[in-house]
Amino acid sequence: MEDYKKRISARLQAIADRIEAAARAAGRDPGEVRLLAVSKTKPASHVQWAAEAGQQAFGENYVQEGVAKAQALADLKLEWHFIGPLQSNKTRPVAAHFAWVHSIDRLRIAQRLSEQRDAHLPPLNVCIQVNVSGEESKSGVAPAEVPELARAVAALPRLCLRGLMAIPEPISNLVLQRSRFGTLRQLRDQLNAEGLHLDTLSMGMSDDLEAAVAEGSTLVRVGTAIFGARD
Ligand SMILES: *Cc1c(COP(=O)(O)O)cnc(C)c1O
């Protein structure tokens, strides 16, 4: 256990170093890029070790599992992000226990989250998930449909539309990786030129965070490179 705890701490430092190197190579301030530690399938004890090493924000893909960890670790005042596919009958616990949702892919989900967000909590931060890989990926909204959805979500009272999220299909070619992330950045710039105020690009994971940071990522979502392989 002590060994694994030390390993998590060392891996968090290694990710911070990768982010810093990628940001500097792109002429960006490394402070513009936040790390979201993706703890899906990992026990609450591992999240606690990462928290003790200084990590604040954690990402979860499954509603029940994420809520259970948020409740078990409530004393630590961590910031919980929901990053998985969300069904409309599961929005209520997400609205209650998470600070962010990255996977908005239709208006109905956003409307329910807004209706269910408690008035005593700050607005729920949300990102629209965009399909930047075309036919190779089924999750997320087609780029052409994003402006209309973004305007509708931005108008909802209990949500704060922060930006866009993408999970490109795994590719090892850096040029192709960058072109997918560049698509997301251009879309964000277009929406801001049309009057929205999006400050977040949620893009980059264990294997492609360098390409994402080079293209302007402000939040990388890293699981395996921190907690090890998932079963
Ligand atoms: C699992 C997951 C991640 C983390 O992926 P790794 O390759 O383990 O870093 C990031 N984002 C989403 C949406 C995920 O589901």
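The dialogue below treats the ligand site, the backbone angles and then selected residues.

Student: What kind of model is this, and how are its residues numbered?

Tutor: This is a predicted model, in which local features need pLDDT of at least 70 and side-chain atom pairs count only at pLDDT 80 or more, while totals for chains, interfaces and linings use all residues. Residues are numbered from 1 along each chain as its sequence is written, and side-chain values use heavy atoms, with hydrogens and water left out.

Student: Which residues surround the ligand?

Tutor: A residue is near a molecule if one of its heavy atoms lies within 4 Å of it. Here the ligand is surrounded by Val 38, Lys 40, Asn 61, Ile 83, Ile 167, Met 205, Ser 206, Arg 221, Val 222, Gly 223, Thr 224 and Arg 230.

Student: How many residues of the shell are nonpolar, polar and charged?

Tutor: Ala, Val, Leu, Ile, Met, Phe, Trp, Tyr, Cys and Pro count as nonpolar, Asp, Glu, Lys and Arg as charged, and the others, Gly among them, as polar. The shell around the ligand divides into 5 nonpolar, 4 polar and 3 charged residues.

Student: Which polar side-chain atoms lie by an oxygen atom of the ligand?

Tutor: A polar contact is a pair of N or O atoms within 3.5 Å; within protein, one must be able to donate a hydrogen and the other to accept it, and residues adjacent in sequence count only if both atoms are side-chain atoms. A polar side-chain atom of Lys 40 lies 2.7 Å from a ligand oxygen atom, and one of Ser 206 lies 2.5 Å from a ligand oxygen atom. The backbone contributes as well: an N or O atom of Gly 223 lies 2.8 Å from an oxygen atom of the ligand.

Student: How much of the ligand does the protein cover?

Tutor: On its own, the ligand has 390 Å² of accessible area, of which the protein covers 90%. Such areas come from the Shrake-Rupley method with a 1.4 Å probe; for residues, only the protein chains shown count as cover.

Student: Are Thr 41 and Lys 77 buried, partly exposed or exposed?

Tutor: Buried means under 20% relative accessible area, exposed over 50%, and partly exposed in between (1.4 Å probe, protein chains only). Thr 41 counts as partly exposed because its relative accessibility is 43%, whereas Lys 77, at 65%, is exposed.

Student: Where is Gln 116, and what does its side chain reach?

Tutor: Gln 116 is found in helix α5 (residues 107–116) and is buried, with a relative accessible area of 15%. Its side chain reaches the backbone nitrogen of Arg 92 at 3.1 Å.

Student: What separates Thr 91 from Ala 110 in sequence and in space?

Tutor: Thr 91, in helix α4 (residues 91–97), is 19 residues from Ala 110 in sequence and 8.9 Å from it in space, C-alpha to C-alpha. Thr 91 counts as buried, at 0% relative accessibility.

Methods
Helices (H or I, at least four residues) and strands (E, at least two) are DSSP runs, numbered from the N terminus.
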